[in-house]
Each structure stands twice: as C-alpha cells, then as structure tokens.
Amino acid sequence: MGVKPSAKFRKLYRKITADYDPEISLDLSTIQDNLIEPSETNGAFFCEPEVFRSFYNLECCKQDRADKPAFLALLTMDFDSYRISTSSIKERHSRFKEVLKNNLRKGDIITNWSEIQYLILLPGVNLEQAEKILNRVETNIIQIINAKTMGIMKRLKPLPQTKTDLNIVSIK
C-alpha cells in the first residue's frame, strides 16, 4: 500500500524477529554464528529504503579511508512516451527487480525507491567500473524484459566524503 511503518513498529518488528540468545556470551564464534544469515542468492542484496539509508550512511563514513570510491545509482523506468497499462508496469517492476538482483555483484545493495525507481549502492568501484556495471544491467534489462515499450534513465553519482578538517589546538 506504500505506507511506511513507524519507527516504533520497526523496533517492535526487530524485537519479534530477533533470533538470538539474550544470555551473555563471551564466545565470539557463537555470536558470529547467530549473526550470519544464509544467503538467498549470489547476486545483490535487496533491502527496504530505511535499511538502504543505513548502508548509504555507513559507506559515506567509509569514504574517508577507502581506496576506491562508492557510487549511488538511480535507475528509473520511463513509460512517459509509451502507452502501457498499470498491470504491465507492475509486472515489469517485479521483473526489473529480479534482473537487478541477479545481474549486480554480491555486495551491491538495492532498494525500491519509488514505484518506478531503484537505488543501487555500488561500493569499491571507480567511475569507469560503475558505468560498465550500469550499462551491463541496462542491456540485460532490455533483453530480459523486452523493454521496447519502456525507457531506462540512469543516473550515477559518487558518494560524498565525510572527511572534516581537524584543527589541533595546543594548550600551553
């Protein structure tokens, strides 16, 4: 229905779905075993916009010490110049998501930003690599979805660095 759950509801959901033993444990291996979730696919990680925002902010913080920048990509399905039914848009939306998950790298992060838009976080790539990734994804979307009645708009932007200049003051 497009309604975002409240912070209180998300907190309750996390509490209900928590799968850990609340007892204090000093065994890091046991804790790691409880943290690891089995991977559903070999492709990209799909998450809700709130979770994506957390990953985005983490990647922005990591930019200070990263050798390679990370990029934010926006893919928009463009139906403006085509006459297409709402049910066809929904079907293409679902297929678009699957193509993204299966054609991006493991470690890339995707979220459905709006009814016709997806955001993609591409960590550890330079501009040339990010452009190649998006071009490959676009080619696969066009082939798999038969996108003759749909355009795809791509936008790509590097993540900002959070580096701040520190003024060190010596006190005598």
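Two strands are counted as paired if DSSP finds at least two bridges between them. In this predicted model, strands E2 and E5 meet that description, pairing in the antiparallel sense over eight bridges. Within this pair, Ala73 stands opposite Leu156 in E5.

The pair belongs to an open sheet of five strands, arranged in the order E1-E3-E4-E2-E5 with mixed pairing. Strand E1 (45–46) and strand E5 (151–158) form the edges, each pairing on one side only. Strand E2 (residues 71–78) is also joined to strand E4 (residues 117–122), by six bridges, and these two strands run antiparallel. Across this second pairing, Leu72 stands opposite Leu121 in E4, and Leu74 has Leu119 in E4 as its bridge partner. E2 is mostly covered, as six of its eight residues are buried.

Helix H5 (residues 127–145) lies across E2, E4 and E5, and runs at about 165° to E5.

Gln117 lies in strand E4. The side chain of Gln117 makes a polar contact with the side chain of Ser114, at 3.2 Å. When neighbours within four places in sequence are left aside, Gln117 is in contact with Leu74, Leu75, Thr76, Thr111 and Asn112.

Side chains of opposite charge can pair when their charged atoms come close. A search of the whole structure finds four salt bridges. One of them links Lys62 and Glu59, with the closest N and O atoms 3.2 Å apart. Because these two residues are three residues apart in helix H3, Lys62 and Glu59 are separated by about one helical turn. Lys62 counts as partly exposed, at 34% relative accessibility, whereas Glu59 is buried, with a relative accessible area of 11%.

Another salt bridge joins Glu128 to Lys132, where the closest N and O atoms are 3.6 Å apart. Glu128 and Lys132 are four residues apart in helix H5, so about one helical turn separates them. Lys132 has 54% relative accessibility and therefore counts as exposed.

The side chains of Asp108 and Arg105 also meet in a salt bridge, at 2.5 Å from N to O. Asp108 counts as buried, at 0% relative accessibility, while Arg105, at 29%, counts as partly exposed.

How values were computed
Residues are numbered from 1 along each chain as its sequence is written. This is a predicted model: local features need pLDDT of at least 70, side-chain atom pairs count only at pLDDT 80 or more; totals for chains, interfaces and linings use all residues. Side-chain values use heavy atoms; hydrogens and water are left out. Contact means heavy atoms within 4.5 Å. Axes are lines fitted to C-alpha atoms, for helices over the stretch in contact, and angles run from 0 to 180 degrees between N-to-C directions. Buried means under 20% relative accessible area, exposed over 50%, partly exposed in between (1.4 Å probe, protein chains only). A polar contact is a pair of N or O atoms within 3.5 Å; within protein, one must be able to donate a hydrogen and the other to accept it, and residues adjacent in sequence count only if both atoms are side-chain atoms.
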